[in-house]
Amino acid sequence: MGEKRFMKGNEAIAEAAVRGGCRFFAGYPITPQNEIPEYLSWRLPEVGGAYVQGESEVASINMVYGASAMGTRAMTSSSGPGISLKAEGISYLAAAMLPALIVNISRGGPGLGSIQPAQSDYLQATKALGHGGFHAMVFAPNSAQEAVDIVYDAWEYAERDRNPVLVLMDGCLGNIMEEVELPPMKELSDDDIPEWSLSRRNGRDYQGNITPIYTEPILEGINMMSGEMYKAWEEDDVKVEEFLMDDAEYVVVAYGIASRVSKEAILKLREEGFKIGMIRPITLFPFPKKNLHDLDYSRVKGIIDIEMTVPAQMRDDIALQVMERAPIYEYGRSGGMLLDDDGVYDAIKEIVTGGNDNG
Amino acid sequence: MKQSFVFSGSGGQGIMSAGITLAQTAIDMGKHATYLPEYGPEQRGGSAKCTVVISDEPIISPLPKCCDNLIVMNEQAYAKFFEDLKSGGVLLANASRVKEANDRDDVTAILAPVDDIALGLGNPRAANIVLLGVLIGATGVVSREAFVKSLEKKFKAKKPEVLAMNIQALDQGIALGKK
């Protein structure tokens, strides 16, 4: 049994990162993720790690690049506008094939947007986290506990792939306090420092070069390798929850906070006899294509995309799999206005009783 | 059984602290709880709101639209949220600041002068503990025993008089809530 605590999602992420081996953080303050750097500012020194509040987002992401090049498990966190500022550095991490954890506790947008929670960064996270056509694995936990479990193992993926990993969670989940069970501290030694790193710890010789600059043929080769890696993710790394899908006539697709509000509504509507289920992507990239593609469309009458952003951003990814075999409806709140139980219940009910022709 | 609580007032009235302490106490009693704070860029003096959900079962959604219990520390909070209280719910208002709270006849309204009681105990900052006492006395959402344990944890770094005064605040609240 692990250790149970009542924690904010943001603090839970920070503690899970430390227990997962994170020993370097650099970031710049922004609501609603400030508890992550605040927590790590005292927690990392306790375990021999380093915390830096950078002079900017750009500086911070490049410090993460430096720490990662030395084989240290490194992370940064921010919210929408700050992630935009870090985009160049994230792209450089991908180019230099460096692992890192990047956490986006998202808020309303575009621009400065709102400091209140929203799921408005799906497209940024999954399609273009920076320039140059790279992807990171994108995890979207829907509770503090799931965030802990994902963050704890984030570097296992990041180091395996030599590629950054993104955890995308909205400000609501970042700020909710709930129970979490914490895993034990991963005891990493100098022997665990990746072979390719520039570290000379443990008597290593200088290993070579970390660079984001390549000649054209090599860069093309790296692009091709990345393409193979993304395909492998689709085979091996998709994480998805299916809820009451066996007989579902309507399928809600929702991730993160939207999935929890939707689940509550689905349970209530099931009591009234409506056959509704839910597909919840836990990895947004790789997207759970197969789950949506292979539905029995002789039974499924409609897909309902519920997100805390307007317009829905996941819709195109869903449509590519549904292939016009069922109408796709959407419901959301946006700009920092929160989804709530009654609103989602009413919206789904209106759709399944035919009151909504917004297909 | 699932119960939702909205606490609201202005920054500095101990709204967030009240919500966290209630949720933590419920968890210590073996229940499940979520706590969601909502506040703007301002701190002291701005509006403060938090939502607590307590249940015997794991909590699915932490975002109820309407609440079973509305606890307001000032008139602005009352005006802003009284429509979000479910029919049959409990309204608990700080009567030291909320002078009229009679817009609804489908809820149980409890008006308790928690600021005045806390002032009488010599510590206006304990108003939120008096308030929780009234809530506990009226609804039994958590036990006095478990809440006292939470207070012991909360004030363990402070002088023993602070804890004693807060327990007194709690008990005066409970007595009032039971009426």
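This is a predicted model: local features need pLDDT of at least 70, side-chain atom pairs count only at pLDDT 80 or more; totals for chains, interfaces and linings use all residues.

Reader: At roughly what angle do the axes of H10(A) and H13(A) cross?

Author: Two packed helices are described by the angle between their axes and the distance between the axes. Here the axes of H10(A) and helix H13 (residues 341-352) of chain A cross at roughly 55° and come within 9 Å. Axes are lines fitted to C-alpha atoms, for helices over the stretch in contact, and angles run from 0 to 180 degrees between N-to-C directions. Helices (H or I, at least four residues) and strands (E, at least two) are DSSP runs, numbered from the N terminus.

Reader: Which residues make the contact?

Author: Among them are A:Val261, A:Ala265 and A:Leu269 of H10(A), with A:Val344 and A:Ile348 of H13(A); contact requires C-beta atoms, placed from the backbone, within 7 Å.

Reader: How is a sheet read, and in what order do the strands of the open sheet stand?

Author: Strands of a sheet pair through backbone hydrogen bonds, either parallel or antiparallel. In chain A, 5 strands form an open sheet of mixed pairing, in the order E9-E11-E10-E13-E14; two strands pair if DSSP finds at least two bridges between them. Strands E9 (240-243) and E14 (328-332) of chain A stand at the edges with a single partner strand each, so one side of each lacks a neighbour in the sheet. E10 (residues 250-253) and E13 (residues 302-307) of chain A pair in the parallel sense over 4 bridges, and A:Val252 has A:Ile304 in E13(A) as its bridge partner.

Reader: Which helices lie on these strands?

Author: Helix H10 (residues 256-271) of chain A lies across E9, E10, E11 and E13 of chain A, at about 165° to E11(A). Helix H12 (residues 315-322) of chain A packs on the sheet and touches E10, E13 and E14 of chain A.

Reader: How many residues does each chain bring to the contact between chains A and B?

Author: Chain B brings 17 residues and chain A 18. E2(B) gives the most to the side of chain B that touches chain A, with 5 residues.

Terms used
Residues are numbered from 1 along each chain as its sequence is written. Chains are lettered from A and ligands numbered from 1 in the order in which they are written. Two residues are in contact if their C-beta atoms, placed from the backbone, lie within 7 Å.
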